[in-house]
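User: I have a model open and I'd like to learn how to read its features one by one. Can you walk me through it?

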Amino acid sequence: MSDSVVILSRNVFPATGAAAFDGFVAVEGGIIKAVGAAGDASRYTAGAARVIDAGERTVMPGMTDVHTFFSGWVLEGLGCDLSGARDADEGIAALRAYDAAHPGEAGLFGHAWDPAGFGEDAEDRLTAAFPTRPVVAFTTDRGTCWMNAAARDRYQFTPEACWSEMIWRMMPEYLASPEVQARYHDYMRMLNVRGVTSIKEMTFDDYYGFADVMERMEQAGEMTLRVSMMSQPVGFGANVEHGIRMRDRFTGPFVSFSGYNRMTDRGVAGGLAEYIDPYTSDPTMRVGVPVEWELIESELAAIDAAGFRYSLHCQGDGAVRHTVDAYDRLCAKDASGRLLNRHAITDLECTNPADLERFGALGGIVEVYPQIQSLDAAEDIRSMALRQIGPERFARFWNRRKMWDSGITVSCGTDLPLLVPHIGESIFCGCGGCFDDGVAINRENMLTIPEMLTAWTANGAYNCYAEDRLGTLEEGKLADLVVLDRNVLDIDPTQARGTGVALTMSDGRIVHESL
């Protein structure tokens, strides 16, 4: 019996630069067999195993999230569930019960800890209850944690500084857990439900053995998500030899390795973003903590020479300028002056238009977070930015319009688990300019809806070196595609927030459906 599926829609968005049209997509054997006008569909529907009439719903390629962290996402459900613990007694009792069921020498971990009601002596009590086994339990937002003295000694971080780059000494222990390894299936399912069929995954250092898990899953045919791994140096510097081994090892259709990722500066609210001109709030300061540019540039030169790409996470316009300068000075280019390797800049909270034009001329890639405004109310961000950097630079916040118009390849990420991919939120925020409270700011800096869909699809595939086989609806490409639950091409962006995904296909297999 034929394994072919034909999807009919009055809004097929191929992400090729062509307009959406009334047509069909025919899939067979994991490959897009044909894409065409509605009038030509009958030759494919006649022998198809299944015909899906999506009506007005938009059909488009599968989405690529270009900045994700499984090692951070899994902390949301790691170990003991403390959501029902109201005080230290109940928390310790829950941890003891979990410890009895999961004995071992590795740390004892927990999630959903709520510090309210635990008292100022909560850490001392935890240390008394577990004097030798390290214990760490994170809050739901992972902003702080409950930990004992043994955990402080072994992992060398504190509840005041427990973000991903600080907890790397924990990772070899929890990533080796069968419980965590099994949760990669939940991770893939969560992303598939949101229309994501490919990711660029940030893997700290050498991924602490978890690459073995990825290899086993691909060999077993369990992958429903294409994963391009990037090494983020935290415990040691960028290891090019590790990258070469990974590139040679992972050559299949689902798991690959493409380069490195690193933070440069951090957020403007805390004075940690690097600016070209001084802060309005402090005319003596351009950045609160100097960026390690000498280290970064040394790594960049070695990474580029080995044929890898580097993604540098920049927030202030000074960090963006420094990064563009480094790419221009240190990286190989073709005869037209464009970068040979696909180096990228991530986040780009505030930018200078001249630097975006320079980066566009270099053929650069940006990885924007289109949903980032959903984390805050508009006035909170406006008042903070006006205080810190003034109105002129605030007017250039999240200027994706200038990025696109400068010829930069704009792709979309979430910094998962900071955000979870959501096409409706992406349009609401990244096209409508809206914040969580629905107030829009700097809407002139946003993308159009077709541009947003292209950024999530074709441009994401290009970012992952997969444009020859993914990212557009074209005959012969791999059958990763999505059916949204409405026609998003004819909607006011400010009304798009509730948009979801009705069907996701990965490699010709339907991995999510709610039609």
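**Reading the model, feature by feature**

Analyst: Let's begin with a helix: the buried residues of H17 are Ile-449, Glu-451, Met-452, Leu-453, Thr-454, Ala-455 and Trp-456. Keep in mind throughout that this is a predicted model.

User: How many residues of helix H17 are buried, and what covers them?

Analyst: Helix H17 runs over residues 449–456, and seven of its eight residues are buried, so the helix is mostly covered. The cover includes strands S5 (58–61), S6 and S17, along with helices H15 (400–405), H16 and H18 (458–463).

User: S6 and S17 came up there. What is the strand order in their sheet?

Analyst: The general idea is that strands of a sheet pair through backbone hydrogen bonds, either parallel or antiparallel. Here eight strands make an open sheet, ordered S6-S11-S12-S13-S14-S15-S16-S17, with parallel pairing. Strand S6 (63–68) and strand S17 (409–412) are the edges, each pairing on one side only. On average, neighbouring strands of this sheet are turned by 25° against each other, direction ignored.

User: Can we zoom in on one strand pair? How many bridges do S14 and S15 share?

Analyst: Strand S14 (residues 309–314) and strand S15 (residues 344–347) are joined in the parallel sense over four bridges.

User: What is Tyr-174 in contact with?

Analyst: Leaving aside neighbours within four places in sequence, the contacts of Tyr-174 are Ser-71, Val-74, Leu-75, Leu-78, Phe-109, Ile-167 and Val-180.

User: And the aromatic rings? How many aromatic pairs are there?

Analyst: The structure holds 24 aromatic pairs. For each one, check the distance between centres and then the angle between planes. Take Tyr-275 and Tyr-279: their ring centres are 5.3 Å apart and their planes stand at 80°, which is over the 60 degrees required, so the pair is edge-to-face. Both of these tyrosines, Tyr-275 and Tyr-279, are buried. Phe-397 and Trp-398 have centres 5.1 Å apart and planes at 65°, so they too are edge-to-face. Phe-397 and Trp-398 are buried as well.

User: Which residues do ring pairs link into a cluster?

Analyst: The cluster is made of Phe-70, Trp-73, Tyr-184, Tyr-187, Tyr-207 and Phe-210. You've already met Phe-70 and Tyr-184 among the residues that touch the most other members of the largest core.

User: Where do charged ends sit over rings? What about Arg-247, for instance?

Analyst: Arg-247 has its charged end over the ring of Phe-308, 4.1 Å from the centre. Another case is Arg-226, which lies over the face of Phe-254 at 4.4 Å from the ring centre.

User: On to the backbone. What is the phi of Gln-156?

Analyst: As background, most residues other than glycine have a negative phi, and most peptide bonds are trans. Gln-156 has a phi near 60°, a positive value in a residue other than glycine. Gln-156 is in the loop between helix H5 (149–155) and helix H6 (171–174), and is partly exposed at 49% relative accessible area. Tyr-208 also has a positive phi, about 50°, although it is not a glycine. Tyr-208 belongs to the loop between strand S11 (196–204) and helix H8 (210–219).

User: Is Tyr-208 buried or exposed?

Analyst: Buried: the relative accessibility of Tyr-208 is 16%, and the cut-off is under 20%.

User: Last one. Which residues does the cis peptide bond join?

Analyst: That bond joins Leu-416 and Pro-417, with omega at about 20°. Look for Pro-417 in the loop between S17 and helix H16 (423–430).

Conventions
Residues numbered from 1 in each chain as written. Predicted model: local features only at pLDDT ≥ 70, side-chain atom pairs only at ≥ 80, totals over all residues. Heavy atoms only, no water. Core = buried A, V, L, I, M, F, W, Y, C linked by side-chain atoms within 4.5 Å. Buried < 20%, exposed > 50% of the residue type's maximum accessible area, 1.4 Å probe, protein only. Contact = heavy atoms within 4.5 Å. Phe/Tyr/Trp six-rings, centres within 6.5 Å; stacked < 30°, edge-to-face > 60°. Lys NZ or Arg CZ within 6 Å of the ring centre and 35° of its normal. Pairing = 2+ DSSP bridges. Helix = DSSP H or I, 4+ residues; strand = E, 2+ residues; numbered from the N terminus. Axes fitted to C-alpha atoms, helices over the stretch in contact; angles between N-to-C directions.
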